[in-house]
Every structure is written in C-alpha cells, then in structure tokens.
Amino acid sequence: MPDELLPNAGRRSFLVRSTTMAGAGFLSIALPPALGGSDAEAAISATPAYTPSIWFTITPDGVTTMHIVKAEMGQHIGTAFAQIIAEELEVPWEKVRLDMPLESNENFGIYGLAYTVNSGSVTTEFDRLSRAGALGRMVLVEAGAKLLGAKLDKCYASAGRVIDKASKRSVGYGDILQKVKLEKSFSYPNDFKAVKLKARSEYKIIGKSVPALDIPAKTNGSAKYAMDVFLPNMAYGALAIPRTRHMSKVLSVDDSAAKSIPGYLKSVVIADHMNKCMGWVVALAETYPAALAASKALKIETDPGPYGNLSLADIKAEFAELLDKPEEAANWVLEGDVEGSMTGADKTLDVEYSSDMICHAFMEPINCTVMQASDGSWHVHVGTQSTSFARMTLTAYLSMVTGKKQEELSVFVHQYLVGGGFGGKQDYDDVLAAAYCAHELGRPVKFIQSRESQFAISHPRTPTLHRLKAGIQDGKMTAMSHDMVSGWMGPRFAVGKKFNNGTDWLQLDSWDDKKQDIDQWSVGGSDHWYHVPNHRVRAWNSDRTTWAIQASALRTVSNSYNMFVVESFMDEAAHAAGRDPLEFRLSMLNGKGGNRGIPNTGYAPGTPSDYYLDQIWISLPWPTDKSWPEYESGTVGGALRLANCLRVAAGKAGWGSKKLPKGTGMGLAVSSAEERQSPTWVAGVAEVTVDTTTGVYKINKLTIAMDMGIAINPENVKAQIMGSALWGAGQVLSERLDYENGLLKQTNFHEYKPVRQVDVPEFDIELIQSGRHPMGVGEPASTIVAPAVANAIFAACGARVRHMPITPEAVLEALKAAKA
Amino acid sequence: MTNLTINGRSLASDSPPDTPLLWVLREELRMTGTRFGCGLGVCGACTVHINGQAVRSCQVKLEQVGSGAITTIEGLHPSNAHPVQRAWIEIQVPQCGYCQSGQIMQAASLLAQNPSPSDKQIQEAMNGNLCRCATYPRIAGAVKRAAQMMKEKKNA
C-alpha cells in the first residue's frame with residue numbers, strides 16, 4: 001500500500017512484538033481476550049529513537065512524542081496524558097508532541113483496546129502512565145550518570161537533562177541518545193510494579209495549566225478531522241433518509257431522476273449483515289453536492305418494518321403499563337424493608353417523573369472515508385470513540401460481504417480529531433456503509449451524513465418514566481423507592497447473556513436471588529450516596545424502545561436523567577419533611593455503611609452497583625494478581641466528599657444568606673457521575689428567575705464545586721466543567737427529540753436547539769483538589785444543572801416540574817397545580 | 001469555470017454555478033478549515049468573509065460570489081497572528097474545535113466593524129454560531145481580549 005496513506009506507518013517499525021488477535025469479538029462492545037502480561041511488551045526501535053514502553057518515544061533531538069490511544073474529542077486528553085508522562089519522565093514541556101497510533105490487528109495486541117468513554121481516560125491510565133514515565137527516566141539517568149562519569153545515586157533528572165549533584169555537570173536526553181544505544185525496554189505489567197513514583201507534592205507539570213497541544217491547529221484551520229480526508233480517485237456518498245429509524249427494508253430503488261444529475265455514479269443498497277444500516281440507500285457521485293442531490297432524487301420503495309406506525313405516545317403508554325408489572329422488574333438496589341417502612345411512616349410522597357429523548361448533535365456530522373488498497377488491505381479514515389471496535393466490527397462485516405475468513409482480512413483504522421463525540425461516535429454504521437460502497441464501486445468512498453440524515457439516524461438517549469415514593473418519619477427519609485422504565489441500551493450493544501449467547505460482561509445480575517439481567521447503563525445514578533436505611537430501585541426494560549429508536553449512551557449515560565429525577569425528588573422530600581434542602585441533604589450524606597467508599601479498585605463487595613467496571617474502559621487490562629499495586633479508588637471518602645462539595649457550592653452561592661428578588665430562587669443538586677464505582681464528586685447551585693406570567697425562566701448563575709482528586713490541568717478542568725454544565729442547561733431548557741411513525745422528527749438546528757451564546761449564565765467554579773486519585777471531568781457537571789434549575793424554579797415560584805426538558809408551558813401548568 | 005479571489009489569490013472553480021461556496025472551498029479547492037455543520041445556515045461552522053462581511057458559505061452559491069473577495073480561516077492568518085486567533089489561544093477557547101473556524105471568522109468580522117463591542121453586542125453577534133462543547137464563556141472572553149489587543153496595537 002502507498003505509504004502516504006498510512007500516516008503512522010513509520011511507527012510500526014518499533015512495534016516488532018505483537019500478539020495476534022485474530023478471532024477477537026467483533027461486537028460493538030467486547031473485551032479483548034486476556035493479553036497475558038508480557039505479551040504486551042514493547043520493543044526497541046531500529047533507529048536511535050528510544051521507546052522504553054509503548055506510550056512514548058524520545059528522539060535524539062530531545063523531542064518526546066506521546067502515543068495517545070484515546071480519542072481527542074474536545075477534552076484535550078492528549079495534553080493530559082502527556083502531562084502525566086512528562087511529570088515522571090522529566091522532559092521539558094516545550095519539546096512534547098502527540099501522535100495517534102494506527103489501529104491494526106497488530107497494534108491492538110500492543111496498545112490494547114482503543115476506546116474513549118465513561119470519563120474514564122485519566123482515571124484508568126494515570127497510574128500506568130506515571131509508571132511508564134518513571135521507568136523511562138530511570139534508564140536515562142543511569143545512562144547519563146555513566147556518560148558524566150558520576151555516581152548513579154548522585155544523579156537526578158530534570159527538564160530533559162541528567163544532572164550530577166556532586167559536579168553540577170549535566171547531559172541532555174537528546175545527547176544521551178546520540179551517544180549511547182539504549183536497549184532497555186520494559187514489559188508491561190511485570191516491570192511496572194516496583195517503580196517508585198513521585199510524591200504528589202513534587203509535581204511540576206501535573207497541576208499546571210499548560211496550553212493544550214491540540215489548540216493552535218484549531219484556530220487556523222489546519223486541524224484535521226476525518227471530514228478533511230482526500231484519497232486519490234475518491235467518490236462521495238450521501239444517505240437517502242430511511243423510512244424508519246430501524247428495520248426498514250428496501251424493496252426497490254428508482255434512480256432515473258438521479259441519473260440526470262451530473263456526476264451521479266450509482267446508488268447502493270447497503271448489505272445489512274449486522275442490522276446497523278437497515279433500509280440504507282447511499283447515492284454515490286463524483287462530488288458531495290451531487291451525491292446529496294442524488295440521494296434526494298432517489299425514489300425508494302420501502303417496507304417500513306415493525307416500527308412504521310410507532311410513535312413516542314405509544315412508547316410512553318407502554319412505559320406506564322410496564323411499571324404496573326412488578327414481576328417483570330429487576331432490582332438494582334434493595335436495602336432494608338421498603339414496603340414495611342413506608343407503611344409505618346408519618347408521611348409518604350408519591351410522584352412520577354419523566355424525561356424526553358435528546359441526541360448528541362455533535363458539530364461534526366458522522367463521516368468516514370474507506371479505501372481498499374492495491375494489496376487488498378482496507379483503510380478506514382474516521383474520527384471515532386473506538387478505532388478498535390471500528391476495526392473489529394468492519395472486519396466481521398467484510399467477512400460476511402466478501403465471504404473471506406476474518407483472519408484473511410487486513411483492516412487499518414486511521415484516527416483523526418473528533419468534532420464532538422459525547423457518547424455518539426461508537427456505532428460504526430458509517431464505517432460499514434462507506435466500506436460497502438467502496439467495495440461496490442471499486443473506488444475509495446467518502447461518506448458524509450448531511451445534518452438531516454445525521455438527525456434521522458442519531459442514537460438518542462432513551463425516554464424514561466419513573467415512579468418515586470418516600471417514607472418520612474420524624475422529619476427523616478426512612479424509605480425510598482424508585483421504579484424506572486426505559487429502553488436499555490446495553491442489549492443493543494449486544495453484551496448481555498440474554499441477548500448474546502453467553503457473553504455476560506456488562507449485563508449484570510439483579511441484586512437479589514431473582515437473578516434477572518439488569519443494564520447498569522440504564523440505571524446508574526439511581527444508586528445515590530444518600531443514607532436511606534430502606535432503599536429500593538427497580539428497573540424495567542422496554543426492549544421495543546431500545547431497538548426502535550436505537551437507544552445509546554449520551555454524556556453520563558443514565559445519570560443524565562437519573563440525577564434530574566433523584567435530585568428533584570430529594571428537594572421535594574426535604575420540603576415534605578419541613579427541612580431546608582441543604583441541611584436535609586447534608587444529614588443524609590453522612591458516609592455511613594456502603595456510602596463510606598471503598599479503599600482500592602478491584603474491590604467487589606458483591607452488590608451490582610459496587611461492581612468495578614472501569615476495567616472495561618482501559619486500553620490494556622489490569623493484571624489480576626494481587627502483587628499489583630492497586631491504585632486508590634475514586635470512591636475513597638464516599639458521601640463525605642460529596643457533602644463537602646455541597647457545602648462549598650452552597651456557601652459560595654450564598655445559600656440562605658443572599659437576598660433574592662421576588663421571582664428568583666436557588667436550587668441545589670449533587671451528583672457522583674459517572675458510575676457509582678467511578679464517581680467524580682460535584683455539587684451545584686442554580687440561581688433562576690421565573691416570569692410567572694409566561695413561564696419563561698432564565699438561569700442567572702451556576703455555582704459549581706467539584707472534587708476530582710488531582711486536577712491534571714486546572715484551567716482545562718474549568719473549561720470542561722463550564723462546557724458540560726451548559727450541556728446540562730440545554731437538556732433542561734430546550735433540547736428535545738420527537739419520534740413519530742418510526743422516525744426521529746427533528747431535522748436540523750432550527751428544530752433541535754442546543755444552548756447558544758445568549759443562554760450563558762454567570763459561572764462561579766471551585767475546584768476542590770483533594771489530592772485523591774484523579775477522576776474524569778468531561779461529563780459529571782452536566783448532570784447537576786437540570787435538577788438544580790428545577791429546584792430553583794420551585795424555590796422561585798412554587799412550580800414543581802417533574803419532566804425534562806422544562807418548558808415555559810410546563811412551568812405555568814405546575815404553577816396552576818400549586819395554587820389549586 | 002468561475003474565477004474567485006480567495007485569501008488574495010486568484011483561483012478557479014469547475015463546480016456548477018449553483019454549488020454552495022462551502023463545498024467549492026472544502027472539497028474542490030481543499031481548503032478544509034471551513035467546516036460543514038448544518039447546510040442550512042443555522043450553525044455558523046462554515047462562516048467565511050466576503051468583502052469583510054461574515055457569511056454562511058453553505059448559503060452562498062458560487063454564482064453569487066462574483067468579484068467578492070473571499071477570506072477563509074486559512075487566510076485570516078496561517079500562523080495564528082491575527083488578534084482574534086491570538087486571543088483564542090491565550091484564553092484556550094477550543095475544545096473539539098470543529099466550530100471554531102466559524103466562531104473566529106464571525107468574531108473577526110464583528111471586531112472589524114465594531115472595535116469595542118459591549119457584552120450584549122458580542123452575545124448577539126456570536127449567537128448564530130453553535131458550539132456543542134459550549135465554549136461560549138471563553139468565546140465571549142476571547143472576543144473582548146482580541147478587542148483589547150487590537151486597541152493596544154493601534155495605540156502602540
């Protein structure tokens with residue numbers, strides 16, 4: 001294959017040792033088979049460049065290039081990883097560069113799973129990257145000491161130089177590489193165990209707000225997204241919007257009108273071997289405008305399939321019916337005697353909550369360019385949250401398309417900057433469609449979703465319905481019951497034994513001996529950190545909804561609706577108990593029992609919500625042997641850290657002390673997204689003004705306090721908090737997706753409305769750098785805004801809205817109900 | 001064949017006259033800094049200047065450009081020396097970055113016409129440019145910072 005098509009080809013030279021991963025699972029989400037420790041060993045470059053482990057290469061010019069397997073999609077993860085490595089490696093920041101390893105069968109055996117989700121990148125890689133940096137430094141110090149003729153114990157490294165304390169002489173890393181052939185490499189994980197890491201008080205680069213390395217290219221147009229790929233002899237593809245979101249079947253295609261469009265080539269019905277592109281017809285042309293025009297000119301006869309008459313109203317009706325069937329529920333949390341303690345309570349609170357669908361609506365529509373090179377290998381150019389799954393999925397698909405065995409196929413995935421992901425760039429339907437078109441046409445194809453087709457095939461957050469009940473005794477919440485129904489996204493990712501003959505990675509058994517499957521991604525967040533002695537969460541799956549709308553993960557997944565529900569409900573309970581919402585929350589965030597947190601990762605006390613699932617998101621598996629120095633669990637401190645955030649946010653916002661005009665109120669919320677076993681502690685206060693004649697409300701100010709342990713780059717953490725909080729503002733203010741006759745209704749940004757510049761409130765953000773293990777910051781703050789706003793609306797005017805988004809009409813209706 | 005003036009250079013396009021300028025820039029002339037977001041003029045990712053005026057290039061047909069001088073993000077300043085670019089880097093505005101070419105071109109056009117915009121004027125001028133990462137607070141801050149830089153340069 002031509003080298004220019006392989007931007008990372010040169011890198012393969014040093015990756016001489018690999019593990020063949022043929023036969024690895026192809027499903028959207030699957031774990032790589034165990035790599036077996038030293039199999040992941042990296043080897044030495046033939047050039048003087050030094051790659052002591054797979055994570056970075058130092059060249060004789062003193063430049064250190066960090067190899068980043070996580071998707072760069074707005075979180076500046078490359079910069080964060082580089083800071084972590086550079087800290088221990090002691091390289092000067094101005095000589096740090098980034099690159100993205102090519103995804104291939106061979107590199108997968110070296111780098112492991114390339115998958116970016118769950119706000120988990122820093123959390124899961126921090127310890128390992130620190131050790132990789134430290135090992136590199138140790139070798140350089142040893143070589144430097146020899147060159148200087150100094151005693152090893154008198155030498156140390158700083159800013160890319162090895163310095164002899166005794167003689168004050170020093171030598172640069174680049175000079176060392178020019179003079180000495182370094183051969184020592186380190187196998188993962190065995191060599192990594194014994195490394196002594198810096199004390200956190202010694203950090204110089206971690207905790208410093210260095211400018212993000214990916215930013216300058218993003219201000220002059222030179223940044224490269226997959227959309228910017230050009231390949232020789234490339235054609236363009238545009239999707240004709242399918243009749244239904246899922247399960248349409250194409251009966252016939254009449255392209256006679258399309259034929260009059262100059263540049264039109266042909267139309268292709270995507271062979272749908274994996275049920276990912278059902279009813280997809282792609283128009284191919286020499287230019288994108290021609291392909292787009294042709295896609296609209298095609299006359300397609302379709303069998304709409306089973307969901308052709310299904311609408312959101314039907315889904316909601318089914319939800320209500322399901323909640324009346326306790327025998328179909330799975331228990332997610334079951335502590336104490338909920339029913340009994342409700343009966344004995346002074347007072348009970350019994351309410352329903354619900355939330356609408358929303359979608360990712362990233363600014364870069366999904367696109368993918370695929371070519372088959374002259375050697376038969378397949379090259380995918382895409383910006384995705386998982387190049388590994390893209391490769392595995394396409395390999396399996398091409399096997400079905402071509403009839404070849406998977407191990408006979410060679411698929412490479414070239415990663416680009418991702419123009420927004422938010423959980424929505426992990427489905428690979430675009431990859432399959434582009435590859436099929438390239439196969440059919442015999443030319444490279446650049447497939448671009450128009451904004452309209454992007455909305456039509458989006459993977460929304462499921463709608464939800466919740467029934468909540470609280471028992472209140474002597475002003476305390478003694479019992480809480482939370483029943484919820486939604487489409488479960490887990491089954492669609494084919495990860496439950498119920499759905500995939502024996503694979504049981506993410507589909508968990510329910511709490512009690514009923515042992516029903518339960519989808520953690522659809523219930524997370526309901527397992528909150530408040531101490532309620534009798535607590536039950538039950539979940540129902542509307543399987544039809546999952547498939548009909550193609551439900552998926554959206555920024556914090558189920559936390560994005562569950563925190564709205566739980567935190568609004570806690571406010572209601574506080575009022576029902578006659579207590580201040582702050583004081584009420586603090587009294588229950590006492591760190592008792594299971595809410596104390598757990599000391600180390602890997603600890604599984606046996607309840608579903610305490611399972612440690614972060615292992616799924618890391619690139620290479622953590623060793624399971626007990627000798628490995630486990631990193632500290634993010635849950636350490638438990639509910640007490642959450643209470644601390646709440647005190648800080650409430651104090652800074654002036655809770656209970658700031659005088660507010662009539663019609664203005666403050667609301668609180670806390671969250672521990674993303675999962676209970678990987679919490680980032682965050683609390684927020686919204687100050688909102690409501691116009692009670694129109695129901696229109698305005699978010700004046702958001703005060704947010706977050707304890708993420710260590711902030712790798714504090715100014716970037718603040719940017720992530722602001723951005724995610726505004727994401728949360730969008731889902732309470734204005735974002736809503738409708739579903740009618742099998743189709744997602746909104747077509748473009750005039751109908752689907754994320755927040756804009758005029759919606760931005762004042763911000764006050766406090767980072768609580770507790771020094772604990774660093775946790776993810778790109779998502780959690782998005783979960784607190786909707787409930788804090790709902791609670792502020794109640795405080796401002798007495799309107800309690802139990803549906804998200806909160807429209808002005810709903811505020812007026814709730815006002816009427818409050819007065820009645 | 002349509003002749004165009006882009007970033008001070010004369011270039012020719014073979015695209016049909018009703019082709020949106022966006023696709024001529026991106027796919028024909030391969031100046032990919034101008035981004036496709038919505039195709040409907042409602043997101044601002046494709047903003048360029050024609051005779052200094054910010055326009056949505058997805059809504060301008062090739063035949064409508066005439067002798068208008070087009071400036072794209074590549075022409076604002078290739079090495080980020082324009083005050084808006086400098087401010088954008090200083091304040092670390094971009095996250096995913098996809099909308100930022102459009103944001104920057106919109107801001108540059110605003111400041112060319114109004115060197116000292118008020119907060120409200122910034123909000124209004126920038127409201128048509130969507131940013132799904134919601135970098136809005138820093139965008140507003142960077143527009144102010146760029147205005148300040150331009151003033152300093154003028155007074156220097």
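This is a predicted model: local features need pLDDT of at least 70, side-chain atom pairs count only at pLDDT 80 or more; totals for chains, interfaces and linings use all residues.
**Where chain A meets chain B**

Let's start with the chain pair. Here 46 residues of chain A are in contact with 48 residues of chain B. On the side of chain A that touches chain B, the elements giving two or more residues are α5 (288–297) and α17 (714–733) of chain A. The largest share of that side comes from α17(A), which supplies six residues.

**Inside chain B**

Now turn to chain B, whose domain assignment gives domain 1 (2–75) and domain 2 (83–155). Taken over C-alpha atoms, the centres of these two domains of chain B are 21 Å apart. Their contact takes 15 residues from domain 1 of chain B and twelve residues from domain 2 of chain B.

Which elements give two or more residues to the side of domain 1 of chain B that touches domain 2 of chain B? They are β3 (47–50) and β4 (53–56) of chain B. Of the elements on this side, β3(B) gives the most, with three residues.

**Make-up of the two sides**

| Domain 1 of chain B, touching domain 2 of chain B | six nonpolar residues | eight polar residues | one charged residue |

Terms used: Residues are numbered from 1 along each chain as its sequence is written. Chains are lettered from A and ligands numbered from 1 in the order in which they are written. Two residues are in contact if their C-beta atoms, placed from the backbone, lie within 7 Å. Helices (H or I, at least four residues) and strands (E, at least two) are DSSP runs, numbered from the N terminus. Domain bounds come from an automatic or database domain assignment. Ala, Val, Leu, Ile, Met, Phe, Trp, Tyr, Cys and Pro count as nonpolar, Asp, Glu, Lys and Arg as charged, and the others, Gly among them, as polar.
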